[in-house]
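Please consult the sequence and the coordinates alongside the text.

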Amino acid sequence: MFEVHNPAIVYISPAELVIHPKLIEIYGENEERPALEKSISEKGILESLKVSARTGVNVVLAGKCRLQIARKLLISSVKVEFVESASPEEDLKLVLDFNLHREGGKTHYQKFHEGQYWESVLRPQAKERQRESARRLNESKCSNLNHSINESKSQLKKGKPVIREVSENLNISVGSYHKGKKVFELISQLRELEKFKAVVALEMEFNRSIDAAYKFVCNQDICNQVIDLLEASEIGSIGDGIAWMLNGDRNPFRRFQLDQVYQFKKRLRPELEIVGRVIDITNEFVVFGLRNLVNMSLEIVNLRPRQIDAELQDEPSASQRKRIFHLMQKFSDVFPVQVSLAELLKLPNLTDKEEVLLRMYESDVFEKTWEDYKTQMKAMEVSTNRKKDKICAA
C-alpha cells in the first residue's frame, strides 16, 4: 500500500518534473487559473506539489497548475513533497485522492471523468462486500437456525451504493449523476470517432448544464443532426444547432439569396475582385461568382456561410440585368447567345467590353443578321428536302 512519506519539504527545478498523464486527460493540458497565477507571482507556491519517484522519474500527482504557472513565471525551484506508492494503480489512486477537493472548481466533464475512475474502484469493492455478506449469511443459517434471517440479510446493506458514494465524492446529486453519465458516454464515443468539433461543443453544453445536455442527448434525431452540422462547421454550439433544428432562427443560409451582391472584407485571393454575386445555394455552400482580374473571366467559389465575411451591397447592375433577361427571351432559340448571356448574369458587374457585347445583341444590325441567317437556313433546308424527294422518286 501507499503512504505519505513523512518527508522534509524539498525544493527542485520545474524542469525535473513531469505531469501524470491522467491529470492532463481529466483537467486539460492548459487551464486558465488567473487567481492562482496572481497568488503565486506575489507569494510563491504555498502548498507543496505531491510527487512520486517510483519509476525514477519525478511524476507530479497533484499540483499540475502550480507547476505550469511556475514554468510560465520562470520560477527556478518549486516546493515538493514526495509520496510513496508501489504500482501504477496506486499512483492513479493518489492522483484522484489528492484532487478530490481540488481548489479552483471543476467542470462537470472533469467531475465525470473522475467518476468513471471511482466507479472502477468502488464496484469491485461493493461486489466483494456482497460476496462476504452472502457467505456470512449462509454460515449463520448453518450454525444457528434460530438466528434472525432479517438480521443476517441486513449484512448485505452495509456500505453505500456505489452510485451514491461516487456522486457524493463529486458533490452532485444521484439523479444528476445518472443523467451526466449518459452525456459523458456520448462525449467519449464522439472522441473515439474523432468527431472533435462535436466533442468540444457538447463538453461546453455539459459544463453549462447537465440537464440541458441530457435532454439534448436523449433527443436522438436532433442530436444526430446537430452533431453532423457541428462537424461540417455550419454551427458553432449546441444551442445554435437546437435553434436551427427547431425554428431556423440560426440557419446560417437564411441571410443569403440568389443574385445578391456582397463585398468581402478581404479579397478571397489576390487576383479576384472583392465583390461577388450569389449564383447558387446548396446544402453545404453559398456559391459566388467573382471576376478574375487577371484574365477577366468568371470564377466560381464555394463558401460555407461561416466563412463569409462580407456585407450585402445594392444591386450594381440592375438596368443591365433587365436588358439581359429581355435578350434571353428574344434569342431563346439561339443557344450560344443564351450561354453568353447566362454567364453575364453570374458576374457582379459588367466591363465596358461586355456592355459593348450587350449593345451588339440589342442592335438592329445583329437582329437583321440573325433574321437573314434564319432565312438562309430555311432556304437550305427546303433545297435539301427537294433533293431527297427527287432521289426517293428515282
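**Salt bridges**

The model is a predicted one. It holds 18 salt bridges. Side chains of opposite charge can pair when their charged atoms come close.

| Pair | N to O distance |
|---|---|
| Lys-72 and Glu-37 | 3.2 Å |
| Glu-205 and Arg-208 | 2.8 Å |
| Asp-259 and Arg-321 | 3.2 Å |

The side chains of Lys-72 and Glu-37 form a salt bridge. Lys-72 belongs to helix H3 (residues 64-72) and Glu-37 to helix H2 (residues 34-43), so this pair ties together parts that are 35 residues apart in sequence. Lys-72 is exposed, at a relative accessible area of 57%, whereas Glu-37 is partly exposed, at 23%.

The salt bridge of Glu-205 with Arg-208 lies within one helix: the two residues are three residues apart in helix H9 (residues 196-208), a separation of about one helical turn. Glu-205 is buried, with a relative accessible area of 10%, while Arg-208 is exposed, with a value of 57%.

Asp-259 and Arg-321 also meet in a salt bridge. Asp-259 is located in the loop between helix H12 (238-247) and strand S7 (261-264) and Arg-321 in helix H13 (residues 318-330), so the pair ties together parts that are 62 residues apart in sequence. Asp-259 counts as partly exposed at 38% relative accessibility, and Arg-321 counts as buried at 8%.

Beyond these pairs, a network of salt bridges links Arg-323, Glu-355, Arg-359 and Glu-362.

**A buried lysine**

Which side chain of opposite charge is nearest to Lys-79, and how far away is it? It is Glu-81, at 8.5 Å. A salt bridge requires a side-chain nitrogen of Lys or Arg within 4 Å of a carboxyl oxygen of Asp or Glu; Lys-79, although buried, has no salt bridge. Its side chain instead reaches the backbone oxygen of Leu-46 at 2.7 Å. Lys-79 is placed in strand S6 (residues 78-84). When neighbours within four places in sequence are left aside, Lys-79 is in contact with Ile-9, Val-10, Tyr-11, Ile-45, Leu-46, Glu-47, Ser-48 and Leu-49.

**The cavity**

The structure holds one cavity of 30 Å³ or more. The volume of the largest cavity is about 30 Å³. Its lining consists of Arg-277, Ser-317, Arg-321, Ile-324, Leu-344, Leu-347, Asn-349 and Leu-350.

Methods:
Residues numbered from 1 in each chain as written. Predicted model: local features only at pLDDT ≥ 70, side-chain atom pairs only at ≥ 80, totals over all residues. Heavy atoms only, no water. Helix = DSSP H or I, 4+ residues; strand = E, 2+ residues; numbered from the N terminus. Buried < 20%, exposed > 50% of the residue type's maximum accessible area, 1.4 Å probe, protein only. Lys, Arg positive; Asp, Glu negative; His and termini not counted. Polar contact = N/O pair within 3.5 Å; in protein donor to acceptor, adjacent residues only side chain to side chain. Contact = heavy atoms within 4.5 Å. 1 Å grid on protein atoms, 1.4 Å probe; cavity = no way out; pocket = protein on both sides within 12 Å on 5 of 7 lines; lining within 4 Å. Points joined across faces, edges and corners; volume = space filled by probe spheres on them.
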